[in-house]
Amino acid sequence: MASSESANRVAETQVLIVGAGPVGLTVALDLGRRGVRCLLIERNETFIQLPKMERCNARTMEIYRRLGIAEQVRDAGLPRDAPMDVFLALSMAGPVLAHLPCPSVAQAKAEIAARNDGGLLEPYQLISQYTLEPLLRSIVEKLPSVTVRFGCELIFFEQDAEAVNARVQPIAGAPETVRASYLVGCDGGSSTVRKQLGIRLEGEGNIRKLRQALFRCDDLYERIPIGKGRHYHIAEGPLFPFLILQDSTRHWTLHAAASSDAEMAEIFRKSLAMPITFEMLSVNEWTQHLLCAERYGDGHVFIAGDAAHLVIPTGGLGMNTGVGDAVDLSWKLAATLAGWGGPQLLASYDAERRPIGVRNVKASRAAMTGRLGWRAAYRPNIADETTEGAATRAQMAALFDTEQRKVTEISGIEAGYRYVNSPIIWDEPGDGPGPDPDNPHYVPTTWPGARLPHVWLNDGTALHDRLGPGYTLLRLGKTRNSTSALEESFRKFRVPLDILEIPDENAREILPYELLLIRPDLHIVWRGNTLPHDVDKLALVATGHL
Ligand SMILES: Cc1cc2nc3c(=O)[nH]c(=O)nc-3n(C[C@H](O)[C@H](O)[C@H](O)COP(=O)(O)OP(=O)(O)OC[C@H]3O[C@@H](n4cnc5c(N)ncnc54)[C@H](O)[C@@H]3O)c2cc1C
């Protein structure tokens, strides 16, 4: 580094994480729980109160459950009994053209508790990004191996064969050098890390500009005549105002294709169509992109979250995809730093997560197309009390009922992703391509690469909760097969492996094999009824040595 000598201080850490958005915070949380020393830097001095994401999907909530924070996230978010319905209406005062009921968290949890069919373990949670980030920060700051520094910007880095030297600039003070074994760029859409690696974004950028405003409106939630929900689409072209409930139930965001900031308050007033006092707290413009990075890193440097992929928020696949990146990368970093992870482990981050990034960009496009699909039925006569007006309303409502489901009913995209062609997943030759990993509806599968389906055990616990932080060999349905050879291989390579006996018949039925090898992030490496002939090979593939 040309002028690193002039930097005042040299700090050393195992992992330098750049950016304390939800993705950087999740990387820090998982690494910190694994005892990895890391430094998380954020250029802003404090969190910015911009409302962005508001829905953690079911898979993110499962991940947060595994990280031990799901109930804290729910406590800070929208109350558990609040409906999550989606409305299409002429205004918040009605009339309603279409209504998609979506269960509250409490209802969804009761449904999950009553079923045992390999579905999802956690429902979604509405929590505003400006609530989630400080919560995650407060949790991360308590982890002894993590240091969090706000008001500290990454300026530049270079890497050698062993590590990365990064120049960081605190808001107050002289530049410093941080030497880290690895650097993770979670620095958002205009990522410095991505740019310095020379990684291009592929796809469609700058699709459309929209304005978003945040309102405080204390009475609205209690007074909505058409019913409580989270999303309200106003059938008013060409602006198509879209109101989103925030977690306090006192705050709302409005999205609209407005041409100026000043218009937003008036659009909100018209959308409410009832006399209610409100205050506009902020307005900002944001741009829609559908982009994915051509690579997810180089050498000792990786990118994750919006630094690696940018989607249109329709379908909520932005932060949620980034949380998936975070927990795919973090255990691989921890394993490599602990000395038992082979070279393929970190290489598999790109092989596993980039296809999911590309897939989710595609799914986000499909969700947006669904929304544009029903909006195309708009005619200026939509509010007229005429036969033609009624026909316009009926047509838009019918389209909404099918097309909007491409946004709200995509559990397969959220949780059914599978790592295909990963170097650390066991190949099942001759069994065909496996289930469609792009199915919008979640279908439980133990196909290698998939997430372990959720099963309630006889004692009322969830199978997911029984798995430790390392690898687990599940022995299902009172199997008598010996697994000592594989256990010996893991011991030989000094890789942590738990053996978990699950005699419950229901688990054996839902996961229709006697043996499953599960990785630290709960994805399945291998399944079978007897061990493969070459058990060393299985251990070496799983841990990235082949
Ligand atoms: C209107 C809107 C609604 C959305 N709704 C949803 C939703 O419901 N669900 C969903 O999953 N996603 C949603 N998203 C997307 C979601 O907000 C993003 O995907 C998410 O913020 C990405 O998180 P991140 O941590 O990767 O990046 P960011 O949140 O962008 O965080 C990056 C951080 O890095 C910091 N930084 C940047 N450069 C540096 C540097 N050089 N040094 C130090 N720090 C740096 C930045 O200050 C920032 O704090 C929405 C987005 C928008 C705009």
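Which element gives the largest share of the shell around the ligand?

Mentor: Happy to! This is a predicted model, in which local features need pLDDT of at least 70 and side-chain atom pairs count only at pLDDT 80 or more, while totals for chains, interfaces and linings use all residues. Residues are numbered from 1 along each chain as its sequence is written, and side-chain values use heavy atoms, with hydrogens and water left out.

The largest share of the shell, three residues, comes from S8. Strand S8 covers 152–159, and helix H1 (22–33) and helix H9 (319–338) also supply at least two residues each; helices (H or I, at least four residues) and strands (E, at least two) are DSSP runs, numbered from the N terminus.

In total, 30 residues surround the ligand, each having a heavy atom within 4 Å of it. Among the closest are Gln-129 and Asp-306.

Now for the polar contacts, pairs of N or O atoms within 3.5 Å. Glu-42 places a polar side-chain atom 2.6 Å from an oxygen atom of the ligand. Met-319 uses a polar backbone atom, 2.8 Å from a ligand oxygen, and Asn-320 has a backbone N or O atom 2.9 Å from an oxygen atom of the ligand. On its own, the ligand has 1000 Å² of accessible area, and the protein covers 91% of that; such areas come from the Shrake-Rupley method with a 1.4 Å probe.

As for the setting, the protein has 16 helices and 22 strands, and its C-alpha trace spans about 75 × 65 × 35 Å along its principal axes.

Note on methods: Polar contact = N/O pair within 3.5 Å; in protein donor to acceptor, adjacent residues only side chain to side chain.
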